Amino acid sequence: MLLAVTLSALAMTLIVGVRYLIVSGAFAAATRLRHPGLYRGLDAQMRREVTWSLASAAIYGIPAGVLAWGWKAHGWTRVYADVHAYPLWYLPVSVALYLVLHDTWFYWTHRWMHRPAVFKAAHAVHHASRPPTAWAAMAFHPIEAVTGAVAIPLLVLAIPIHVGALGFVLAVMTVMGVTNHMGWEVFPRFMWRGALGGWLITASHHQRHHEQYGCNYGLYFRFWDRLCGTDRGIGDFARSHSRAAARHGVADGRPAARGGAGPGRGADRPA
């Protein structure tokens, strides 16, 4: 049994690590194509982001691997494989429920991470990415990685979800984690402006968190930020990368990132 559990944990760690490298690598490549030079001068930072992220992959992979083994061997979780085990309408409901609960967990643990002592001990590792890049999605101190790694395992122990729906939730989590940090908007304008954009989190919203720290704590939705008065609107890609270029001694002249608010153009839009 111990060997089977260990192999499952190692396999899941490998899956999480490879998934990170593929998704972050793909969006980093897209950044080089869409905005050449956007990450110029950040090579040392990106190497550090990859190192921390691969360490986090093990922390995410171990509990996931243990539960994957427990699901197969003993039915520990509420994950089901028969699509007809629950009504079909429950599939989208379960996805929405997982995303809302995960977002709630993320908001409050993330806000806790910004308490001075906890920030200094752990969360400062993530905020050392100034500005964040596509490689920063899992660049966490182990303490922070643990708070993130337990969220989905806790949910699968309590709330039924089809294995395919769970895969979709994990895909959304991975893509949003990467694109929220990539430094430009890959999504259409309606997703970060207007009525829908007022409730969804994309890179424009999370960029401001990395600029000002004490705001915009959510992962998928702006609900908790709005309710708790911590929503500060969208960030400023052009200003952020201009400062990064100056810090790294990079000459001006590269194109500014598309998306988000430029200087004087909605950067201080009220939440």
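Predicted model: local features only at pLDDT ≥ 70, side-chain atom pairs only at ≥ 80, totals over all residues.

Biologist: Okay, and at what angle do the axes of α3 and α6 cross?

Modeller: Roughly 135°, and the axes come within 10 Å. Here α3 covers residues 90–113 and α6 covers residues 151–158.

Biologist: What do you call that, then, for α3 and α6?

Modeller: Oblique, because angles over 145 degrees count as roughly antiparallel and 65 to 115 as roughly perpendicular, with the rest left as oblique. So α3 is oblique to α6.

Biologist: Why quote both an angle and a distance?

Modeller: Because two packed helices are described by the angle between their axes and the distance between the axes.

Biologist: Which residues in α3 and α6 meet?

Modeller: From α3 you have Tyr98, Leu101, His102 and Trp105. They meet Ala151, Ile152, Leu154, Leu155 and Val156 in α6.

Biologist: New topic: Val169. Where is it found?

Modeller: Val169 is in helix α7, which runs over residues 163–179.

Biologist: Is Val169 buried or exposed?

Modeller: Buried, because its relative accessible area is 0%, and buried means under 20%.

Biologist: What does Val169 touch?

Modeller: Leaving out residues up to four places away in sequence, Val169 touches Val95, Tyr98, Leu99, Ile152 and Ile161. Take Leu99: it is 70 residues from Val169 in sequence, yet their C-alpha atoms are 7.0 Å apart.

Biologist: How about contacts across the chain, how many join residues at least 24 apart?

Modeller: 75%, counting contacts between residues at least 6 apart in sequence.

Biologist: Zooming out, how many helices and strands does the chain have?

Modeller: 11 helices and 2 strands. From the N terminus the order is α-α-β-α-α-α-α-β-α-α-α-α-α.

Biologist: And how much of the chain is buried?

Modeller: 51% of the 271 residues. The chain exposes about 12,500 Å², with 70% of that from carbon and sulfur atoms.

Biologist: Last one: which residues does UniProt list as "transmembrane region"?

Modeller: The unreviewed UniProt entry lists residues 52–71, 83–101 and 150–172. In the model, residues 83–101 are 63% helix and 0% strand, with end C-alpha atoms 22 Å apart. Residues 150–172 are 78% helix and 9% strand, and their end C-alpha atoms lie 17 Å apart.

Key. Residues numbered from 1 in each chain as written. Heavy atoms only, no water. UniProt positions renumbered as here; feature names shortened; annotations may be inferred. Helix = DSSP H or I, 4+ residues; strand = E, 2+ residues; numbered from the N terminus. Buried < 20%, exposed > 50% of the residue type's maximum accessible area, 1.4 Å probe, protein only. Contact = heavy atoms within 4.5 Å. Areas by Shrake-Rupley, 256 points an atom, 1.4 Å probe, with all protein chains shown as cover. Axes fitted to C-alpha atoms, helices over the stretch in contact; angles between N-to-C directions. Parallel < 35°, antiparallel > 145°, perpendicular 65-115°, else oblique.
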